[in-house]
Amino acid sequence: MCILLRNISGLATPAEELPPYEIRIIEDAIIAADQGKIAYIGPESGLPPLNIDAVYNCRGSFATPGLIDSHTHPVFSAAREHEFHMRNAGKSYAEIAASGGGIRASVRELRKASIEYLVELLRDRFNGFLALGTTTIEAKSGYGLSFMDEMKSLRALKELREHPLEVIPTFLGAHEIPDEYRGQRESYIQLLIDEMIPAVVSEGLAEYCDIFVEKNVYTVEEARRILTAAKNAGLALRLHVDQLTSGGGAELAAELGAVSAEHLDYISDEGIDRMIEAGVVFNLLPGAVFFLGHTKYPPARKIIDKGGIIALSTDFNPGSSMTRSLPLMMTIACVYMGMSADEALASVTLNAARSVKRNNIIGSLEAGKQADIVLWDIPGHDYIPYHYGENLVNCVFKKGRLVYRKPECGDNREFD
Ligand code: NIG
Ligand code: FE
């Protein structure tokens, strides 16, 4: 199948050979996609001979690469809106967690859910990602925290492998210490190392292993043991670190050669330097800071000025960030973290692809890459973070196939 997208007003994309935050603009471009990959991008006059099966009239839409959300927790069975309102009435996230809410509340709910129910919920959630311009997500388990419930969560993700949203699965069995192991945390750590990680690997259920390193959750020493076991078993590493307190987590991510370290609101200067030396991506989650009513955003300007690679993600989860909107993350990053429109776009596309080691196939509009394309109702990419809180997406293509179209857009497919 070979398709042609014509009447694109312009497109904005980072590119492999450009510096990490630079954006290339092409006016009046056309894009040809063959067998799911970009075969040609540029002015119509340069189009090579191709057997085109279908032509899409983009009616002046502006194009960007499909967005990549490189940190999400979509496998949950119940929402927690009451906690949101408790926080707004003065309770802190930590207080709610200490009184039995938070992650542990989601664990109790997920354990009651069947895999069929989780798959049904996930299908709807995945459709919502596509509608907002996201074509790839990294998705974590972490609300099961028992052998069977973690396997159930990862298997539910795998059940949806035919869904057009591309999913990179992460095992987050070390999201919390489960209630039944309080007071015997060492037994749960042994279960993670001896049984859960090997089972996840042998069933091919995850590509990454993650852990929540935080005061009252996992210590740096525990994380080193668990992640070393995961790495030895063949999983790549990503870590939740320095979210609520500064705890040497970024330094640990660098020491272990993690691909990505995430949150980083309280990262130390030493942590920034170590991560840059080790080539770890800074995965920043401004939605969680915003939604928890916190004011300390991660130091994006300092990271960029020192040469670090930033990805921006939603952290989509029922507790600390109930949104799938990467454009909203771009807005918050511009307003509260001083990021530019170019930096924000690069951080949800090619840099996000770097944080999941997929930058050879997704993250930019370049010949040879997967044809993951968003068509927007915007004059240019700097409009995306500006016009916030609304969906500006007209159409979404995944691997050269139309997978979402705003209802009022009508049928814009023209056959040759
Ligand atoms: O990334 N920090 C740990 N985990 C999630 C929150 C999970 C929850 O509250 O359910 C996060 O913010
Ligand atoms: Fe998270």
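Visitor: Ground rules before we start?
Guide: It's a predicted model, where local features need pLDDT of at least 70, side-chain atom pairs count only at pLDDT 80 or more, and totals for chains, interfaces and linings use all residues. Residues are numbered from 1 along each chain as its sequence is written, chains are lettered from A and ligands numbered from 1 in the order in which they are written, and side-chain values use heavy atoms, with hydrogens and water left out.

Visitor: OK, what coordinates the iron ion (ligand 2)?
Guide: His71 (NE2), His73 (NE2), His240 (NE2) and Asp315 (OD), at 2.0 to 2.3 Å. Donors here are N, O and S atoms within 2.8 Å of the metal (3.2 Å for Na, K and Ca); water is not among the atoms, so sites may look incomplete.

Visitor: What spacing do the donors follow along the chain?
Guide: H-x1-H-x166-H-x74-D.

Visitor: Are histidine 71 and histidine 240 buried or exposed?
Guide: Both are buried, as in under 20% relative accessible area, with exposed over 50% and partly exposed in between (1.4 Å probe, protein chains only).

Visitor: Switching topic: how accessible is lysine 398?
Guide: Lysine 398 has 3% relative accessibility, so it counts as buried.

Visitor: And what does its side chain make a polar contact with?
Guide: The side chain of threonine 136, at 3.1 Å. A polar contact is a pair of N or O atoms within 3.5 Å; within protein, one must be able to donate a hydrogen and the other to accept it, and residues adjacent in sequence count only if both atoms are side-chain atoms. The lysine 398 side chain also reaches the backbone oxygen of threonine 135 at 3.1 Å.
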